[in-house]
Each structure stands twice: as C-alpha cells, then as structure tokens.
Amino acid sequence: MAKKTVIVGSTVSAQQLGELLRQIADGGITREHLQAFLERRNPFAEAEASPATFLTADYFVTRSGLWESGDFVSRVTAAYPEALVPRGLDGVECFDLTKHSSAKTILTRPKMGGEENVRKHAFTPDQVAALIDLQLNGEAGKLLTNGCSNLLYVVGANGVLFVVRVYWDADNRKWEVDALRLDEGGRWLEGDRVFRNTRTF
C-alpha cells in the first residue's frame, strides 16, 4: 500500500508528492497543478480537463442579440479558423476619446504606444466575445451602450490590423460587430471608447 503524506487534513501519496516536486524542478508545473495542491486536491488527477476552446465562426453569427457585418466575416472570422484558447480579460483597459480622432491617430496616443505595440497587444475574437458576454442584453459595463462605439484593434486576414467596432443597438436590442481598415470610417467620435490590452499572451 502506498505511503500517504498528510497535508492539512487531506492525504497525498508519496508518489504524487514526488511527481509534484519533480515537475517543479523541471519547470513543468502549471499554475493549475499548484493551485490544486494548495487547495488540498490531487494535482495529478487521472484526466485533467483540457481548457475550453473558442470557435470564432460558431460565436460570431448573426442571431438574436448579435449582428455581424460581411466585412467582419471576411476580415476577422476567416482569419481564425482554428479553435482558440480563451485569453480572458486580465489587463484589458479602456479610455474615452476626448475629441474626434482617426484610427491611425488613436494609435499614436501615449496610452496605445504606436502601431507596433498595438499589434503586439492586439485583441483576439474570444476577447471581443468575452466583453459582449458580460453585457449580453445591453447591461452597463465596460462596453458603452449609450450610442457610442467601442473600438478594439484586431489583427485579421493577411496580417492586417483592423478596428473592430462593437456597438449596442438599443432599438433592436442587439450588438453589432464590424471590422474596418485603419483608413476607413473617417473619424471616430468624441465619447467613443477605445480598448487596449496591457499585457501580451
């Protein structure tokens, strides 16, 4: 019978503890393993659940509560045919425009750090979806629902940087999602909200 080590009211076998220490030494231990260990759970359960994935083409379809433009389909959805591991919204910040600005001008703002930095911190479709999911019915939240646009920079088809516009259509109770080139759409308006990632993934 395997020797057991008592850890604050729970038991972990010597073999499990040895495996944990080996993985720490090898640098292969994950945050989930360590968290499970600290919560007195077996960090090496037989079947470790694989992370949930996000399929852009499954989420971004015109349906009740959501409308997507043809440009979004060809410029963004088409660029992400594979399942994505959701990146979450940690480090997502936003600011409101204080004057009308073009998409290219917004990139030069100190908070954005230029096009190269925005590309490095670009949003992915799962993050756009995560923001929408927090306000599915137009509730108050990070996304504006007052008639102003929400702007997120996404690298899409052919490596082009696009502005994804997320807009709450209060009359029809739905989110509208579009993708524009940096030289399209003229100027974004005072009061529109710009989102940025502050960390890379």
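Which residues is C94 in contact with, leaving aside its neighbours within four places in sequence? I looked that up and got R193, V194 and F195, with contact meaning heavy atoms within 4.5 Å.

Ground rules I kept in mind: this is a predicted model, where local features need pLDDT of at least 70, side-chain atom pairs count only at pLDDT 80 or more, and totals for chains, interfaces and linings use all residues. Residues are numbered from 1 along each chain as its sequence is written, and side-chain values use heavy atoms, with hydrogens and water left out.

More on C94. I found it in strand β4, residues 92-96 (strands are DSSP runs of E, at least two residues, and helices runs of H or I, at least four, numbered from the N terminus). C94 counts as partly exposed because its relative accessibility is 32% (buried is under 20%, exposed over 50%, partly exposed in between, with a 1.4 Å probe and protein chains only). I also checked N197: its C-alpha atom is 8.7 Å from that of C94, though the two are 103 residues apart along the chain.

Next, the sheet. I read an open sheet of six strands, order β3-β7-β6-β5-β8-β4, with mixed pairing (a pair needs at least two DSSP bridges). β3 (66-68) and β4 stand at the edges with a single partner strand each, so one side of each has no neighbour in the sheet. Inside it, I saw β5 (150-155) and β6 (161-169) pair antiparallel over six bridges, and L151 stands opposite R165 in β6.

Last, I132: leaving out residues up to four places away in sequence, I listed Y59, F60, L66, L143, V166, W175 and V177 as touching it.
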